[in-house]
Amino acid sequence: MGLPALEFSDCCLDSPLFRERLKSHEAELDKTNKFIKELIKDGKSLIAALKNLSSAKRKFADSLNDFKFRCIGDAETDDEICIAKSLQEFAAVLRNLEDERIRMIENASEVLITPLEKFRKEQIGAAKEAKKKYDKETEKYCGVLEKHLNLSSKKKESQLQEADSQVDVVRQHFYEVSLEYVFKVQEVQERKMFEFVEPLLAFLQGLFTFYHHGYELAKDFSDFKTELTISIQNTRNRFEGTRSEVESLMRKMKENPHEHKNISPYTMEGYLYVQEKRHFGTSWVKHYCTYQSDSKRITMVPFDQKSGGKGGEDEAIILKSCTRRKTDSIEKRFCFDVEAVDRPGVITMQALSEEDRRLWMEAMDGREPVYNSNKDNQTEGTAQLDNMGFSIVKKCIHAVETRGINEQGLYRIVGVNSRVQRLLSILMDPKSAETEDEISAEWEVKTITSALKTYLRMLPGPLMMYQFQRSFIKAAKLENQESRTSEIHSLIHRLPEKNRQMLQLLMNHLANVAKNHKQNLMTVANLGVVFGPTLMRPQEETVAAIMDIKFQNIVVEILIENHEKIFNTVPETPQSNCQLLLSRKRSMDSKPPSCSERPLTLFHTAQPSEKQENRNSIINSSLESVISSSNINSFLHSNSTPQSNMNSSDPDLEVVKPSRPNSLCMRRRSKVKGGFIKPAWKMPYLPLVA
């Protein structure tokens, strides 16, 4: 299991879980730092001690063999797996070279020691400095906050406002430092995949030039060396794209932190001070509290941010009522009282600010007023998968393939934005679309390619659709290439017809581009980097989603390499649809199936306004007509082919494999990117009932 992704939205909450994740990253950095330091020491010993060359090389090889990479995320790409096992490959080569006992290479210090020291000082050293600054700001913020919350409410209003302003400044500064530290930690974690594997590769390449007797060994190693070089380059390319996306997200979080909060299972969560009665009086203890409105459950975790540890056992209560505490009834500010069903007495809590108290009381149905932030209604972009849309894409493809398919950096080099927008406005004008069959020769190829990519991003949703995003990513994470291709093949045929037709048109074109990669330098991997984020986008923009961009690229690579099979053949089904329906009905007679036991799901394509009862009745009638057939064996035999006759008998029903319910239960919301709206929607999920 890899390291958990650090979400920028968690920097604002600064929850215990966030601190634990941050500690795991810090521990991994310390481990990497110690490893690099030891590696540098071993390399110097190898150069200096020719008499002890054999033992030094053995130790160096052992160090490489023992270290294991830990990547961010729950799966690794083929390139990352290749890079991860590269250290073990290097160790095996060094053990073979030990038998030769030839002189140590002269330039080992330049190609090995210097880059590692540079990475350790510039990257890991910068991360350590950022940690010191983060710890200092944490202590400062907590101290100022505690001092601020202890101010008496009887002080002058001007003094209180000044104190509030001071706390806001310190809080904002702490938040910015936290964001920068998280960004730096994740950047170093990503950089280490190539920053110090590449010097090791250069060191080994230098060894081969000085070892005549290692010639055969070098030939055997050359295939893996080529694969590793490509993996490093692919990883570097993906890192550059990922880094820019993460940096962009960080800037958005700095500008509007509340608009990019992570989706939480809790109605409200954050830090509260809870009044506790002691034998010597009362004290205010800091707790990290969560509240769920459905169950009315409040969980309180005593936690000290400065020490990073718990201060006692967790406590959970069931909310009965919540009442705002009047300022003149208590010396503390921002207080409210909570009554619990399963605990006698009143619990007095102190929020961090007036706004924080309002949010807590709003979540708990207290007496504070509710403020709704209604956003203006947004209109969809003009790009659509209609006749005009297909015409625009075909014109762009024709222009590229006839004028500049051999142009270097095709689709990677972008055109001038003003010219791209002007070309799009011409292409999307209905009047010019009727009169012009081709794109004028005055437009540069880079402008046309940028217009094509921009048009695809202007669609109301990504071409490969939001609801299939997780399924495509999971398919790319499968163990072998055959399984990935098969699963993606199946998913492509679950897309709407127009989406699939547009995707087929685009993949045929990209395959033609890749065939000319010797001239245009655009290999399948490079095209995957360019079109992965264009054709696939997650609904929620998070760090974890950005880290999955590399798997989006793999999906596009598979589509390009296997476009003829995927789009021109129907995916194989292991069992006929009728057999699945019969087994479904038998299981429904005994017990309702769990989500993992559902063999298939029926989606009804009627209008969204149709009532649920009508949709279920259609499904039930279709089932009954199948089950009650007088010659069921004949029916099963006729439906044993890969193409089920069920679809032909009822065109309103489409049988597809179900995805997990959680992936279908998306929030109905809209998200703006690049000035165009990408509304999120989901296919209605209809349970199959007997």
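Methionine 465 is found in the loop between α13 (445-458) and α14 (469-476); helices (H or I, at least four residues) and strands (E, at least two) are DSSP runs, numbered from the N terminus. Its phi is near 70°, a positive value in a residue other than glycine. Methionine 465 has a relative accessible area of 7%, so it is buried. Buried means under 20% relative accessible area, exposed over 50%, and partly exposed in between, with a 1.4 Å probe and protein chains only.

This is a predicted model, in which local features need pLDDT of at least 70 and side-chain atom pairs count only at pLDDT 80 or more, while totals for chains, interfaces and linings use all residues. Residues are numbered from 1 along each chain as its sequence is written, and side-chain values use heavy atoms, with hydrogens and water left out.

Phenylalanine 334 also has a positive phi, of about 60°, although it is not a glycine. This residue lies in the loop between β5 (315-324) and β6 (335-340). Phenylalanine 334 is buried, because its relative accessible area is 7%.

β5 and β6 run antiparallel and are joined by 5 bridges. Two strands pair if DSSP finds at least two bridges between them. Threonine 323 stands opposite aspartate 337 in β6. β5 is also joined to strand β3 (residues 297-304), by 4 bridges, and these two run antiparallel. There, threonine 299 stands opposite alanine 316 in β5.

Now the whole chain. It has 26 helices and 11 strands. Of its 690 residues, 47% count as buried. The chain exposes about 35,300 Å², and carbon and sulfur atoms supply 48% of that area. Accessible areas come from the Shrake-Rupley method with a 1.4 Å probe; for residues, only the protein chains shown count as cover. Among contacts between residues at least 6 apart in sequence, 73% join residues at least 24 apart. Contact means heavy atoms within 4.5 Å.

Two helices can be checked for length. The expected span of a helix is 1.5 Å times one less than its number of residues. Helix α3 (residues 53-66) has 14 residues and should span 20 Å at 1.5 Å a residue; its end C-alpha atoms are 20 Å apart, which agrees. Helix α7 (residues 197-210) also has 14 residues, and reaches 21 Å from its first C-alpha to its last, close to the 20 Å expected.

Which residues of these helices are buried? In α3 they are Leu53, Ser54, Ala56, Lys57, Phe60, Ala61, Ser63 and Leu64. In α7 they are Val197, Pro199, Leu200, Leu201, Phe203, Leu204, Gly206, Leu207 and Phe208. An α-helix has 3.6 residues a turn, so residues three or four places apart point the same way.

Past α3 comes a loop. Arginine 70 has its place in the loop between α3 and α4. Arginine 70 is partly exposed, because its relative accessible area is 35%. Arginine 70 and glutamate 80 are 10 residues apart in sequence and 9.9 Å apart in space, C-alpha to C-alpha.

Aromatic rings are the next topic. The structure holds 10 aromatic pairs. Rings of Phe, Tyr and Trp (its six-membered ring) pair if their centres lie within 6.5 Å; planes under 30 degrees apart count as stacked, over 60 as edge-to-face and the rest as tilted. Phenylalanine 35 and phenylalanine 67 form a stacked pair, 4.3 Å centre to centre with 15° between the planes. The pair links distant parts of the chain, 32 residues apart: phenylalanine 35 in helix α2 (residues 16-48) and phenylalanine 67 in the loop between α3 and α4 (78-100). Phenylalanine 35 counts as buried at 10% relative accessibility. Phenylalanine 67 is buried too, with a relative accessible area of 4%.

The rings of tyrosine 134 and phenylalanine 174 have centres 6.0 Å apart and planes at 20°, so this pair is stacked. It links distant parts of the chain, 40 residues apart: tyrosine 134 in helix α5 (residues 108-149) and phenylalanine 174 in helix α6 (residues 157-195). Tyrosine 134 is buried, with a relative accessible area of 1%. Phenylalanine 174 counts as buried at 4% relative accessibility. Ring pairs link Tyr134, Tyr141, Phe174 and Tyr181 into a cluster.

Rings also meet charges here. The charged end of lysine 286 sits over the ring of tyrosine 271, 5.0 Å from its centre. A charge sits over a ring if NZ of Lys or CZ of Arg is within 6 Å of the ring centre and within 35 degrees of the ring normal. Lysine 477 has its charged end over the ring of phenylalanine 551, 5.1 Å from the centre.
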